Amino acid sequence: MKLVYVDNNATTRVDDEVLEEMLPYFKEYYGNPSSIHTFGRQVAGKIDTARERVANLLGADTTEIVFTSCGTESNNNAIHCSLEANPKKRHVITTKVEHPAILNVCRYFAKQGYEVTELGVDKDGMLDLDELRNSIKDNTAIVSIMYANNETGVIFPIEEIGKIVKEKGVLFHCDAVQVIGKAPINLKNSYIDLLSLSGHKLHAPKGIGVLFIRKGVRIDPLIIGGHQEDSRRSGTENVPYIIGLGKACELAKKFLKEEQTKVKSLRDKLEEGTKDKILNVKINGENSDRLPNTSNVSFEYIEGEAALLLLDMAGIATSSGSACTTGSAEPSHVLQAMGVPPAKSRGTIRFSLSRYNTNDEINYILEKLPPIIKRLQDLSPVFEDSQHS
Ligand code: PLP
């Protein structure tokens, strides 16, 4: 059976070149980079190279790159530790559409007595920047706003947002997990103080991430121990994965143009074809600036989970909303915040492409998807009624 993977916002395939660079660091070069003997020195230099490659992709200084275990850890680190560093400031601002790795951290602090403002979005998934400006108070410790949404791909105007936050002298964290490698980023002249990224969203393995900490920003470490990463994240370095992430960042820079041209045109073809072949399709976030690879599509009178299973039987891997919320009966919190009615939100499928997808695969999806949606709509009593009214 043909297999088509279009769930790249959940995770990506490890690039062959990434894996190739990693492999010797399991069996041949397995030293601890803190050791001063040859084994240690062999790998310490490689970590420096990886750090340079990450810094180069982000337009950052190598001293600003801290390796973590994942995007979730980087996000936890940013929120936890900036609050700890500013004990008198007990207000956090975020948005209703963040990933649970921010929302649930903020809600944890709300339970500890912190005030948390969750900014809403409009029907296009956009923030009201005046609302943001007016929400910042003297005791606001941190504003955490994502760069691009994992479900809809909607990109926030992050530099405009950062300017507002920094004008008020508040720390600004950005969850950029979905944007790295899909859109250009340059932290050099940016307002972002702290930024999270995750390797497995850009063709590196799962279990490696980065927290960018701008020079001069003082936050305490989340994980305390043996002083690795300049005491900002202790724990013996995950050498092969750090090396893999470095290579993935180098490749991301090389393929950025392809993401914005080839991947985008495949995504656009998928959307146009879907609208042509299926009635009343709604592309969520379509009127906003979006990631070039993401398409969040609502179909009427179906359950997204049922469509997902039938697509899976046809060899097409997608997700309904985000992988993290799949399996929960709740409609997506992102679509809810955008005012998508629950009936429509439940009939939503997220397609997320990568540089590995081909034109043939998009044709295959466009062949299989319409009869699957029709079959499910025909089973729906509400659809039946709507056809007769
Ligand atoms: N932030 C966003 C926007 C994400 O999409 C994800 C993963 O889906 C994360 C954070 C969590 O990253 P990780 O899986 O590396 O913990």
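In this predicted model, glutamate 167 and lysine 163 share helix α7, which spans residues 158-167. The two positions are 4 residues apart, about one turn of the helix. They form a salt bridge, with the closest N and O atoms 3.3 Å apart. Glutamate 167 is exposed because its relative accessible area of 56% lies over the 50% cut-off. Lysine 163, at 39% relative accessibility, counts as partly exposed.

Aspartate 378 is partly exposed, and its relative accessible area is 41%.

Glutamate 115 and lysine 137 form a salt bridge as well, with 2.5 Å between the closest N and O atoms. This pair links distant parts of the chain, 22 residues apart. Glutamate 115 belongs to strand β4, whereas lysine 137 sits in the loop between α6 and β5 (140-144). Both partners are partly exposed: glutamate 115 has a relative accessibility of 35%, and lysine 137 has a relative accessible area of 34%. Salt bridges also join into a network that links Glu17, Glu21, Arg53, Lys247 and Glu250. The count for the model comes to 27 salt bridges.

The ligand site was examined next. The ligand is surrounded by 13 residues. The closest are Gly71, Thr72, Asp175, Ser198 and Lys201. Helix α4 (residues 71-85) supplies the largest share of this shell, with 3 residues. By class, the shell divides into 8 polar, 3 nonpolar and 2 charged residues. For threonine 72 the distance is 2.5 Å. For serine 198 the distance is 2.6 Å. The side chain of lysine 201 likewise has an N or O atom 2.6 Å from an oxygen atom of the ligand. Taken alone, the ligand exposes 390 Å², and the protein buries 90% of that area.

Two loop positions are buried. Histidine 200 lies in the loop between β7 (194-198) and β8 (209-213). Its relative accessibility is 16%, under the 20% cut-off, so histidine 200 counts as buried. The side chain of histidine 200 makes a polar contact of 2.6 Å with the side chain of threonine 11. Glycine 125 occupies the loop between β4 (115-119) and α6 (129-135). This glycine is also buried, with a relative accessible area of 6%. The C-alpha atoms of glycine 125 and valine 97 are separated by 8.3 Å, although the two residues are 28 residues apart along the chain.

On the surface, Leu19, Leu23 and Phe26 form a nonpolar patch. Together these residues have about 280 Å² of accessible area. Phenylalanine 26 is found in helix α2, residues 24-27. At a relative accessible area of 43%, phenylalanine 26 is partly exposed.

Conventions: Residues are numbered from 1 along each chain as its sequence is written. This is a predicted model: local features need pLDDT of at least 70, side-chain atom pairs count only at pLDDT 80 or more; totals for chains, interfaces and linings use all residues. Side-chain values use heavy atoms; hydrogens and water are left out. Patches are made of residues with over 30% relative accessible area and no salt bridge: like charges are joined within 9 Å, nonpolar side chains (Val, Leu, Ile, Met, Phe, Trp, Tyr) within 5 Å. Accessible areas come from the Shrake-Rupley method with a 1.4 Å probe; for residues, only the protein chains shown count as cover. A salt bridge is a side-chain nitrogen of Lys or Arg within 4 Å of a carboxyl oxygen of Asp or Glu. Buried means under 20% relative accessible area, exposed over 50%, partly exposed in between (1.4 Å probe, protein chains only). A residue is near a molecule or strand if one of its heavy atoms lies within 4 Å of it. A polar contact is a pair of N or O atoms within 3.5 Å; within protein, one must be able to donate a hydrogen and the other to accept it, and residues adjacent in sequence count only if both atoms are side-chain atoms. Ala, Val, Leu, Ile, Met, Phe, Trp, Tyr, Cys and Pro count as nonpolar, Asp, Glu, Lys and Arg as charged, and the others, Gly among them, as polar.
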